[in-house]
Amino acid sequence: MEIKILGPGCRNCEKLAEEAKLAAKDAGCPADVVKVTDMKQIMSYGILGTPGLVINGKVKSYGRIPSVKEIKKWIEEEK
Amino acid sequence: MIKAFADWLTYNIFQLTTGTHLAEAVNFFIYDTIKILLMLSVIIFVVSVIRSFFPPEKVKKILAHKAEFIGNILASLLGIVTPFCSCSAVPVFIGFLEAGVPLGVTLSFLIASPMINEVALVLLWGLFGAKIALIYIGTGLTVAIVAGVVLGRIPAVERMVEDYVWELRMGQVETPRLSWRDRFQQATIHTQDILKRVTLYVILGIGVGAIIHGYVPIDFVATYAGRNNPFAVPLAVLIAIPLYSNAAGTIPIVQALMGKGMPLGTVLAFMMAVTAISFPEMVILRKVLKVKLLVIFATILTVAIIIVGYLFNAIM
């Protein structure tokens, strides 16, 4: 499974990346958490508010930091 | 009720004598800290719920192809209620332009949004009263509207935006359907998050304010930086620039200084500069604006804020 964190790399993006890793571990699902900082790529997902969370190519949330519980639910949906 | 609690703590528990500097400072500190933290919790929560209705993805559609003035006014108003952290400034800027929002209108939005933020408003309202908070909102909106109109009218201003900005194409994203429960949940998380970030600064700010309140002579500021000192306003703005994003810590100090004779215009100019002009924000905007436009942007904003300062010092 591929998890992408979209954002220029501020504190919020860091926090989301940590939560995503935790959620993947909780769900017992091996996942690569990749940070996407290139603006061109970020914009191609259509989001304005960062950080964005993309799981298997689908935008799950943006402009906020979802809870570990929410991320875990999305990971399980994509399993 | 908070007042009674602060009195009880100061005079009964700490056994301080009424009327002494120390008692006054302690009383002021306890009362203001409790009041501000309560107000922050309630108001940030309410604002967060309202904000969940205005994500930037929706706002850009409202502002697309709007005419000058109407667009700038709308953008500044929406800037107050649209949530985005300063690291989103670049995607917001690019996304707005791509959707056909005029450049001047986009800049009005980017000026108003950090300047009129909920933390600053709570502190202004709680410490200075509703009247000054409203004056701040009014002048802040005016600065954002005027600066946006002026910037939008610069000849060939589009060429002063980094070229790659015009080449980017946005994808489409679905706006998630939020239930009231989601909104409340997100607002709760957001409120906790902000409180965690600002509480220490609020306490420090009010602490320093309390010391000023209790110990600094009553006309101290009036003597050195009062209405008659023409350098007070620009100096206040210069001091404010490095204090960015610390409205929580600086506003209580400014309030105490106002009690010692700092005139309202200087106070307003200082607070606007704290929230609206900052070095890190300029670094972020440099990614989309060429140096020339960035310098013009910062200059117009600084001049507008200094004018506000002089204007209010002259009329109030």
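Tutor: Happy to. Let's begin with A:Leu16, which sits in helix H1 (residues 11-26) of chain A; helices (H or I, at least four residues) and strands (E, at least two) are DSSP runs, numbered from the N terminus. Keep in mind that this is a predicted model, where local features need pLDDT of at least 70 and side-chain atom pairs count only at pLDDT 80 or more, while totals for chains, interfaces and linings use all residues. Residues are numbered from 1 along each chain as its sequence is written, and chains are lettered from A and ligands numbered from 1 in the order in which they are written.

Student: What makes A:Leu16 buried?

Tutor: The count of neighbours. A residue is buried if 20 or more other C-beta atoms lie within 10 Å of its own, exposed if 12 or fewer, and partly exposed in between, with C-beta atoms placed from the backbone. A:Leu16 has 25 other C-beta atoms within 10 Å, so it is buried.

Student: Which residues does A:Leu16 touch?

Tutor: Leaving out residues up to four places away in sequence, A:Leu16 touches A:Ile5, A:Pro51, A:Leu53 and A:Ile65. Two residues are in contact if their C-beta atoms, placed from the backbone, lie within 7 Å. A:Pro51 is in the loop between helix H2 (39-44) and strand S3 (52-55) of chain A.

Student: What kind of peptide bond joins A:Thr50 and A:Pro51?

Tutor: A cis one, with omega at about 0 degrees. Most residues other than glycine have a negative phi, and most peptide bonds are trans.

Student: Where in chain B do I find a positive phi in a residue other than glycine?

Tutor: B:His65 is one of them, with phi near 60 degrees. B:Phe69 also has a positive phi, about 65 degrees, and is not a glycine. B:His65 lies in the loop between H3 and helix H4 (70-81) of chain B, and B:Phe69 lies in the loop between H3 and H4 of chain B.

Student: How do you know whether B:Phe93 is buried or exposed?

Tutor: Count again: B:Phe93 has 24 other C-beta atoms within 10 Å, so it is buried. B:Phe93 is in helix H5 of chain B. Setting aside residues up to four places away in sequence, B:Phe93 touches B:Thr106, B:Leu110 and B:Val288. B:Val288 is 195 residues apart from B:Phe93 along the chain, yet their C-alpha atoms are separated by 7.8 Å.

Student: What about B:Ile307: how many C-beta neighbours does it have inside 10 Å?

Tutor: B:Ile307 has 17, so it counts as partly exposed. B:Ile307 belongs to helix H16 (residues 291-315) of chain B.

Student: Why is H13(B) called roughly antiparallel to H14(B)?

Tutor: Start with the angle: the axes of helix H13 (residues 247-259) and helix H14 (residues 264-276) of chain B cross at roughly 170 degrees and come within 11 Å. Axes are lines fitted to C-alpha atoms, for helices over the stretch in contact, and angles run from 0 to 180 degrees between N-to-C directions. Angles under 35 degrees count as roughly parallel, over 145 as roughly antiparallel, 65 to 115 as roughly perpendicular and the rest as oblique. That makes H13(B) roughly antiparallel to H14(B).

Student: And what makes H2(B) and H7(B) oblique?

Tutor: Helix H2 (residues 21-51) and helix H7 (residues 118-128) of chain B pack at an angle of about 135 degrees, with their axes 9 Å apart. H2(B) and H7(B) are therefore oblique to each other.

Student: How do you know that the length of H1(B) agrees with what it should span?

Tutor: The expected span of a helix is 1.5 Å times one less than its number of residues. For the 12 residues of helix H1 (residues 2-13) of chain B that should be 16 Å, and the end C-alpha atoms are 15 Å apart, which agrees. Just after H1(B), B:Gln15 takes a positive phi of about 55 degrees.

Student: Last one: how many residues of chain B are in contact with chain A?

Tutor: 20 residues of chain B are in contact with 18 residues of chain A. H5(B) gives the most to that side of chain B, with five residues.
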